[in-house]
Amino acid sequence: MADESKRPLEGLVKSIIGNFAGKEKLTEEEIRSAWSSVVGEKAAKHSRPRSFTDSRLIVHVDDSSWLYELTTQKKYILNNLSSELKGKKLKDITFRIGDLR
């Protein structure tokens with residue numbers, strides 16, 4: 001009988017923790033949508049968000065001119081991405097030349 005009374009509470013606690021944890025996570029779709037919106041169509045064609053770990057977004061660009069261009073706009077991009085993602089944790093962006101596929 002004691003085990004049965006714990007199950008509803010256990011489920012509730014797991015649900016609350018899961019919902020809280022989920023608010024901090026970003027989906028690939030959220031990141032890509034926000035990225036295109038913030039950097040614009042032209043820059044989005046030459047860059048792709050690749051990973052998001054420890055509040056840092058890694059973005060691949062297709063050549064050194066886009067690496068330079070986006071790096072010079074890093075502060076602007078970071079601020080606007082943070083706003084677009086509605087407070088989800090984003091502390092840094094790293095740009096690298098890499099594959100866009």
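Biologist: Serine 55 sits in the loop between β1 and β2. Why is serine 55 called buried?

Modeller: The model is predicted, and in it the relative accessible area of serine 55 is 13%. Buried means under 20%, so with 13% serine 55 goes into the buried class.

Biologist: Which residues is serine 55 in contact with, leaving aside its neighbours within four places in sequence?

Modeller: Those are Lys89, Leu90, Lys91 and Asp92. Each of them has heavy atoms within 4.5 Å of serine 55, because that is what contact means here.

Biologist: Aspartate 54 is found in the loop between β1 and β2 too. What makes aspartate 54 count as exposed?

Modeller: Exposed takes over 50% relative accessible area. Aspartate 54 has 76% relative accessibility, so it counts as exposed.

Biologist: What is there to say about phi for aspartate 54?

Modeller: Phi is positive there, about 50°, although aspartate 54 is not a glycine. Serine 55 has a positive phi as well, about 65°, and is not a glycine either.

Biologist: How do you know that β1 and β2 pair?

Modeller: Two strands need at least two bridges to count as paired. β1 and β2 (residues 56–61) have 6 bridges, so they pair, and the sense is antiparallel. Phenylalanine 52 stands opposite leucine 57 in β2, and proline 49 has valine 59 in β2 as its bridge partner. The two strands form a hairpin with 2 residues between them.

Biologist: What does the sheet look like, and in which order do the strands come?

Modeller: It is an open sheet of 3 strands, ordered β1-β2-β3, with mixed pairing.

Biologist: Why do β1 and β3 stand at the edges?

Modeller: β1 (47–53) and β3 (92–97) each have a single partner strand, so one side of each lacks a neighbour in the sheet. On average, neighbouring strands of this sheet are turned by 25° against each other, direction ignored.

Biologist: Which strands does helix α2 lie across?

Modeller: Helix α2 (residues 28–39) lies across β1, β2 and β3, and runs at about 135° to β1. Helix α4 (residues 64–72) also lies across β1, β2 and β3, at about 165° to β3.

Biologist: How many helices and strands are there in the protein chain?

Modeller: There are 5 helices and 3 strands, and along the sequence the pattern reads α-α-α-β-β-α-α-β.

Biologist: What lies 3.2 Å from a polar atom of the side chain of histidine 60?

Modeller: The backbone oxygen of aspartate 99 does. A polar contact needs N or O atoms within 3.5 Å, so at 3.2 Å this pair meets the distance limit. Not counting residues up to four places away in sequence, histidine 60 touches several residues, among them His46, Arg96, Gly98 and Leu100.

Biologist: What makes up the largest nonpolar core, and which residues have the most contacts inside it?

Modeller: That core has 20 residues, and those with the most contacts inside it are Trp35, Leu70, Ile77 and Leu81. At least two residues each come from α2, α3 (41–45), β2, α4, α5 and β3, and α2 gives the most, with 5 residues. Nonpolar side chains in soluble globular proteins tend to be buried together.

Biologist: Which residues does isoleucine 77 touch, not counting residues up to four places away in sequence?

Modeller: Isoleucine 77 touches Trp35, Val38, Val39, Leu70, Ile93 and Phe95.

Biologist: And the chain as a whole: what share of the 101 residues do buried residues make up?

Modeller: They make up 28%. The accessible surface of the protein chain is about 7300 Å², with 53% of it belonging to carbon and sulfur atoms. As for contacts between residues at least 6 apart in sequence, 61% join residues at least 24 apart.

Key: Residues numbered from 1 in each chain as written. Predicted model: local features only at pLDDT ≥ 70, side-chain atom pairs only at ≥ 80, totals over all residues. Heavy atoms only, no water. Helix = DSSP H or I, 4+ residues; strand = E, 2+ residues; numbered from the N terminus. Buried < 20%, exposed > 50% of the residue type's maximum accessible area, 1.4 Å probe, protein only. Areas by Shrake-Rupley, 256 points an atom, 1.4 Å probe, with all protein chains shown as cover. Axes fitted to C-alpha atoms, helices over the stretch in contact; angles between N-to-C directions. Core = buried A, V, L, I, M, F, W, Y, C linked by side-chain atoms within 4.5 Å. Polar contact = N/O pair within 3.5 Å; in protein donor to acceptor, adjacent residues only side chain to side chain.
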